[in-house]
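Hi,

Here is the structure I promised to pass on.

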Amino acid sequence: LRALKVTGPEAVTLASAWGAGRRAGLAVAAGGAGAGLLVGALGLLTQAAAAADVPPWAAFGAPLATLIGTRYWWLWLTRMAALAALTGLAWALRRPGVDARHPGWAAGAALAGLLLLANSLNSHAAAVPQATAVAVAADWLHLVATAAWIGGLVQMASAVPATVAALPSALGGRALAVVVRRFSLLAIGAVGVLVATGLYQTWLHVGSWDALTGTTYGQALLGKLALLMPLLALGGLNLLMLSPRIATAASRGTRAALERLAGWEGRLRLSVRLEVLLAVALLGVVGLLTAVEPARDALRQQGVVRTVTADDLRMVLRIAPGEAGLNTFDVALFVDGRPLPDAQRVTLRLEHLQHDMGLIEQRLDPLGDGHYRAMSGALSMSGPWSIQILVRRAGVEDVQAQVAYTAPDPTAAQAATA
C-alpha cells in the first residue's frame, strides 16, 4: 500500500484484492505441501526397498522396520512433520481477516527453513568427511535461495493474477508493476546466493573437468546450468522491459494506454508461465543430482585406464578404484576395432618395483563381450607397479604388453577427493 501510495476506497479495494491473491497462493502452497507428504511416503518405501533389495511394494513389514530409529528415519519424520504443519498453516492463513502482520507468516518461514535443513542433513553435503557443517550450511542456503526464487515464481503465476483480476485495470497495472519490480530484486539476491553456493558445491562434489563431463552427476549439472540461462533471461525481460511498460501504461490511464496495458500484462503472464515450466524442469534435474553419486566419487569409482597396443591387439586395462587394496581389473581386447570375445586366456602379472613382493599372477574371467575381468587384492601396496598383460589365442603366438602404474594410498586418495 505504501509503495502504491493509495488511500481511501482504493486502499480498501487493494486490501480486498490482496485477500483474493492470498487465498489463491496459499491454496497452491497447501497443495504443494500435501504432495510433498505423498512423495515423502513413497520415498520412505523406496529407501526401505533399496536397503532390503526388494521391490517397493514388498517393503512393508520387516524392510520398513529396519529404518525405524535410524538417522534417515528421524530426518524423514522431521520433514513429514514440517510438511504436515505447513499444510495446516496454509489453510489456516486463508481465513478472512489475516493480514501481512499475522504471526503465521513467520511460523511458515521457520517451518520451511526446518524442512530445507532436514533435506540438507540428508544430502551429499552431509556425507563430506571434512568441514561437514560448512557443506551442510552451503547446501541449506542453496535450497533457501531456490525456494525463494522458484516458489516466488509459482506465486507470481497464481497469487498475483488473482490479485490483479480483483482490481480496476489502472490500479491492477500499478500493483503488478510494483510486484514484478520487487520480486525481481528478490530473485537477483537469490541468484547471487545460488551462484556463490553453487560454485562451492561444484568444487566440493565435482572438482575437475573430467568429473564434470564424464559422470552422470556432472552431466546433470551441465543440464541444470542450461536451464538456468533462459530462466535468467526471462527474469531480465520481466524486470527491464515488461515491468516499466506496465507501469507507464497504468499511470497514463487513457483508453489506448489501458489497451496496451492488457497486452503487456498478457506478455508478462506468458513469461511467468514459461519461467515456471523451466523451473519445474530444473527441479527435476536437481532431483537427479540428489539421487546419483557425486562426480568426484563417481570418477574415482571409474578407476584408471591404460591403453596399449601389441601386434594386432589393442588392450584397454581399467583398474577401479585404482588404489592399493581391493580392485576390479578389466581388460577389453580389440582386433581391427572389433571386440575379441574368444581369447583362450588373459592374465595379468604384477610386480612392485620398490619392494620384493614376488611376481603376482591374476587370471581374468571372460565376460563374452571382449571384456575379461576379475576382482583382486593384487595391488596390495601403494607405489610403482609393473603390470604385464598376456593374451593367449588359438592358432597364433601369445601377445604381451607392459603397463606402468603407480597405485596411490587409499587414505590419501580419499582425502584428495574430499
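This is a predicted model: local features need pLDDT of at least 70, side-chain atom pairs count only at pLDDT 80 or more; totals for chains, interfaces and linings use all residues.

Let's start with helix 3, which runs over residues 71-92. Its 22 residues reach 32 Å from the first C-alpha to the last, close to the 32 Å expected at 1.5 Å a residue. The buried residues of this helix include Y72, W73, W76, R79, M80 and T87. What lies over the buried residues of helix 3? Helix 1 (9-52) and helix 4 (103-120) are among the elements that cover them.

Both of those covering helices also pack against helix 5 (residues 132-165). For helix 4 and helix 5, the axes come within 9 Å and cross at roughly 135°. An angle over 145 degrees would count as roughly antiparallel, so this pair is oblique instead. The crossing is right-handed. On the helix 4 side, G113, L116, L117, N119 and S120 do the meeting, and their partners in helix 5 are V136, D139, W140, L143, V144 and A147.

Helix 1 and helix 5 have axes 7 Å apart and an angle of about 150°, and they are therefore roughly antiparallel. This crossing is right-handed too. From helix 1, the residues involved are A17, W18, A20, G21, A24, G25 and V28. They meet V154, Q155, S158, A159, A162 and T163 in helix 5.

A343 is in the loop between strand 4 (338-339) and strand 5 (345-352). Buried or exposed? With a relative accessible area of 10%, A343 is buried, because the cut-off is under 20%. Leaving out residues up to four places away in sequence, A343 touches L333, Y372, V391, R392 and R393. L359 is 16 residues from A343 along the chain, and their C-alpha atoms are separated by 23 Å.

S386 is part of strand 8 (residues 383-392). At 13% relative accessibility, S386 counts as buried as well. Which side chain does the side chain of S386 make a polar contact with? That would be Q402, at 2.3 Å. Beyond its neighbours within four places in sequence, S386 is in contact with R349, L350, E351, L353, Q402 and V403.

Cheers

Methods:
Residues are numbered from 1 along each chain as its sequence is written. Side-chain values use heavy atoms; hydrogens and water are left out. Helices (H or I, at least four residues) and strands (E, at least two) are DSSP runs, numbered from the N terminus. Buried means under 20% relative accessible area, exposed over 50%, partly exposed in between (1.4 Å probe, protein chains only). A polar contact is a pair of N or O atoms within 3.5 Å; within protein, one must be able to donate a hydrogen and the other to accept it, and residues adjacent in sequence count only if both atoms are side-chain atoms. Contact means heavy atoms within 4.5 Å. The expected span of a helix is 1.5 Å times one less than its number of residues. Axes are lines fitted to C-alpha atoms, for helices over the stretch in contact, and angles run from 0 to 180 degrees between N-to-C directions. Angles under 35 degrees count as roughly parallel, over 145 as roughly antiparallel, 65 to 115 as roughly perpendicular and the rest as oblique. A crossing is left-handed if the near helix is turned anticlockwise from the far one by less than a right angle, and right-handed if clockwise.
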